[in-house]
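Let us walk through this structure together, one step at a time. Please keep the sequence and the 3D view open as you read.

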Amino acid sequence: LEEGMEYIVDCNPTGGAVLAIGPEGDWTSKEKERLLSAGFRAVSLGSRIMTSPTAAAVGLGCLSMKLEKFNEVKS
């Protein structure tokens with residue numbers, strides 16, 4: 001993992017989430033800075049390289065489960 005990054009399964013979104021999937025070859029340093037300054041958190045889907053559509057499906061699946069769990073605990 002890069003410094004300051006966590007695995008998506010370890011993150012705890014509170015109330016909602018937005019997912020930005022990196023392009024092939026990763027984000028540029030400038031793009032990463034912009035995302036972080038906009039409030040995004042750097043997360044990883046793991047060490048396997050995925051196509052963008054696969055990464056989107058996996059990321060959204062993980063986030064939806066985390067948000068469901070958060071909403072169950074909240075109610």
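A residue is called buried when its relative accessible area is under 20%, exposed when it is over 50%, and partly exposed in between (1.4 Å probe, protein chains only). What you see is a predicted model, where local features need pLDDT of at least 70, side-chain atom pairs count only at pLDDT 80 or more, and totals for chains, interfaces and linings use all residues. Residues are numbered from 1 along each chain as its sequence is written, and side-chain values use heavy atoms, with hydrogens and water left out.

Let us begin with the whole chain. The protein chain has 2 helices and 2 strands, and from the N terminus on they follow the order β-α-β-α. Here helices (H or I, at least four residues) and strands (E, at least two) are DSSP runs, numbered from the N terminus. The C-alpha trace spans about 40 × 25 × 20 Å along its principal axes. Of the 75 residues, 15% count as buried. The chain exposes about 5,800 Å², and carbon and sulfur atoms supply 55% of this area; such areas come from the Shrake-Rupley method with a 1.4 Å probe, and for residues only the protein chains shown count as cover.

Next, look at who touches whom. Contact means heavy atoms within 4.5 Å. Among contacts between residues at least 6 apart in sequence, 78% join residues at least 24 apart. Gly-15 gives you a place to look: this residue is found in the loop between β1 (6-7) and α1 (29-37). Is Gly-15 buried or exposed? At 61% relative accessibility, Gly-15 counts as exposed. Leaving aside neighbours within four places in sequence, Gly-15 is in contact with Leu-67 and Phe-70. Gly-15 and Leu-67 are 52 residues apart along the chain, yet their C-alpha atoms are separated by 7.1 Å.

Now for the cysteines. A disulfide is a covalent bond between the sulfur atoms of two cysteines, and the cut-off used here is a pair of cysteine sulfur atoms within 2.5 Å. How many disulfides does the structure hold? The structure holds 0 disulfides.

Charged side chains come last. A salt bridge is a side-chain nitrogen of Lys or Arg within 4 Å of a carboxyl oxygen of Asp or Glu, and the structure holds 3 of them. In one, the side chains of Lys-32 and Glu-2 meet at 3.4 Å, N to O. This pair links distant parts of the chain, with Lys-32 in helix α1 and Glu-2 in the segment before β1, 30 residues apart. Lys-32 also meets Asp-26 in a salt bridge, at 3.3 Å, N to O.
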